[in-house]
Structures are given as C-alpha cells and as structure tokens.
Amino acid sequence: CGFFCVAYCSGWEGDIEDMLDMLVREKPSLMARVFPKWLGRGTSDYDLDVMLNALGFETPAVKIGAALFDRILERTVLTPGRLQNVLDSHRVIYSVRLDKRSGRLSRSGILHWVVIEDVVPNEFGGVVDVYNPFGNKREGYEWEQVVESGGVPYGVVVPRR
C-alpha cells in the first residue's frame with residue numbers, strides 16, 4: 001500500500017509495475033528490504049521517504065506528528081481544523097488499521113497506508129476524504145473512524161504537486 005500511496009501523491013502516470021521497476025533500478029536496497037525473496041513486507045515511514053526521494057521529493061518528509069505539534073501544549077494535537085490546515089498545501093500518507101475482508105478502515109485489523117486528501121470539519125468532527133489503495137479509490141469517512149483506525153498519528157506529509 002505504501003507504493004500505491006507514493007505513486008498517488010506524486011502523480012505517477014505509469015503502471016505500478018513501472019514504478020516498481022524504476023525503484024529496483026534506483027533504490028535496490030529498498031526493494032531488497034521490502035521484498036526479501038520477493039515476499040512482500042510492510043513499509044515504514046523511512047521506506048516512504050526513500051520512494052519519495054526517488055520521485056524527486058525533498059526528504060526526509062515532515063512527519064505528521066511534527067506537522068501537528070503544538071508548541072504551547074508541547075504535544076501533537078490532532079483536530080479536523082489543524083489537519084485541514086496541513087492539507088491546504090500537502091497530502092498526508094497516514095497509517096491506519098484495515099479490515100482485510102472489506103478493505104475499509106477499522107478499529108482493528110492489518111496495518112495499512114492511506115492518503116488523506118481533505119477534511120471538512122463539522123459539528124460532529126468532520127468528513128475525511130481518503131485515497132485507499134486497497135480498492136484504488138477515494139472513500140469518505142467520519143472523523144472518528146479515521147482517528148480510531150489510526151491511533152497515534154503516524155505518517156508523512158507530502159507537498160501537493
């Protein structure tokens with residue numbers, strides 16, 4: 001899912017196989033680490049940085065925790081408004097949990113990367129527009145669903161192109 005999220009954020013126009021071939025050439029250590037003996041493993045925020053770097057982004061990418069850090073409170077504060085401020089100029093590749101049968105975000109399940117595109121705050125928290133590589137489509141979620149699925153905010157901030 002990390003590869004699809006990076007391709008989505010970069011505006012990659014080729015097939016995902018073309019991107020993987022490019023990464024095999026440009027970043028062989030990444031591919032050896034993520035696909036040992038061609039068995040897929042998960043990707044970390046470091047792996048996302050390596051892929052983003054190969055596609056011309058400045059790295060290391062800002063971590064979502066740093067982007068949402070409040071200097072007065074001295075901690076990360078995740079609110080719909082604060083996240084939307086980040087999304088005005090960036091996308092966020094965000095770690096969530098996914099129900100492996102439905103492909104939808106859930107409170108428990110497998111770790112999965114999605115791209116947060118937009119947040120529309122409302123009196124109930126907000127509506128979140130997410131690119132989900134599981135179905136290769138954009139989906140809408142309630143703010144609480146994303147927060148419960150994500151837990152402690154983990155991911156990277158990617159400038160919009």
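1. Contact in this note means heavy atoms within 4.5 Å. With its neighbours within four places in sequence left aside, Leu105 is in contact with Val96, Arg97, Leu98, Val114, Asn132, Tyr141, Val146 and Ser149. The model is a predicted one, in which local features need pLDDT of at least 70 and side-chain atom pairs count only at pLDDT 80 or more, whereas totals for chains, interfaces and linings use all residues. Residues are numbered from 1 along each chain as its sequence is written, and side-chain values use heavy atoms, with hydrogens and water left out.

2. Leu105 is placed in the loop between β4 and β5, where helices (H or I, at least four residues) and strands (E, at least two) are DSSP runs numbered from the N terminus. Its relative accessibility is 8%, so Leu105 counts as buried; buried means under 20% relative accessible area, exposed over 50%, and partly exposed in between, with a 1.4 Å probe and protein chains only. Leu105 and Ser149 are 44 residues apart along the chain, yet 6.0 Å separates their C-alpha atoms.

3. Ser149 belongs to helix α7, whose buried residues are Trp143, Val146, Ser149 and Gly150. Seen down the axis of α7, these residues fall within an arc of 140°, so they line one face of the helix; the arc is that of the directions from the helix axis to the C-beta atoms. Among the elements that cover them are α6, β4, β5, β6 and β7. After α7 comes Gly151, with a positive phi near 65°.

4. Which order do the strands of the open sheet take? The 6 strands are ordered β1-β8-β4-β5-β6-β7 with antiparallel pairing, two strands being paired if DSSP finds at least two bridges between them. The edges are β1 (62-63) and β7 (137-142), each of which pairs on one side only. Strands β5 (residues 110-120) and β6 (residues 127-132) run antiparallel and are joined by 5 bridges, and Val120 has Val127 as its bridge partner in β6.

5. Two helices lie across strands of this sheet. Helix α6 (residues 80-87) lies across β4 (90-98), β5 and β8 (155-159), at about 85° to β5, while helix α7 (residues 143-150) lies across β4, β5, β6 and β7, at about 100° to β7. Axes are lines fitted to C-alpha atoms, for helices over the stretch in contact, and angles run from 0 to 180 degrees between N-to-C directions.

6. The count of aromatic pairs is 3, where rings of Phe, Tyr and Trp (its six-membered ring) pair if their centres lie within 6.5 Å, and planes under 30 degrees apart count as stacked, over 60 as edge-to-face and the rest as tilted. Phe3 and Phe35 form a stacked pair, at 5.5 Å centre to centre with 25° between the planes. This pair links distant parts of the chain, 32 residues apart, with Phe3 in helix α1 (residues 2-10) and Phe35 in the loop between α3 (28-34) and α4 (45-54). Phe3 counts as buried because its relative accessibility is 7%.

7. Some backbone values deserve a check by eye. Most residues other than glycine have a negative phi, and most peptide bonds are trans. Glu74, in the loop between β2 (69-70) and β3 (75-76), has a positive phi of about 60° and is exposed, with a relative accessible area of 62%. The peptide bond from Thr59 to Pro60 is cis, with omega near 5°, and Pro60 is in the loop between α4 and β1.
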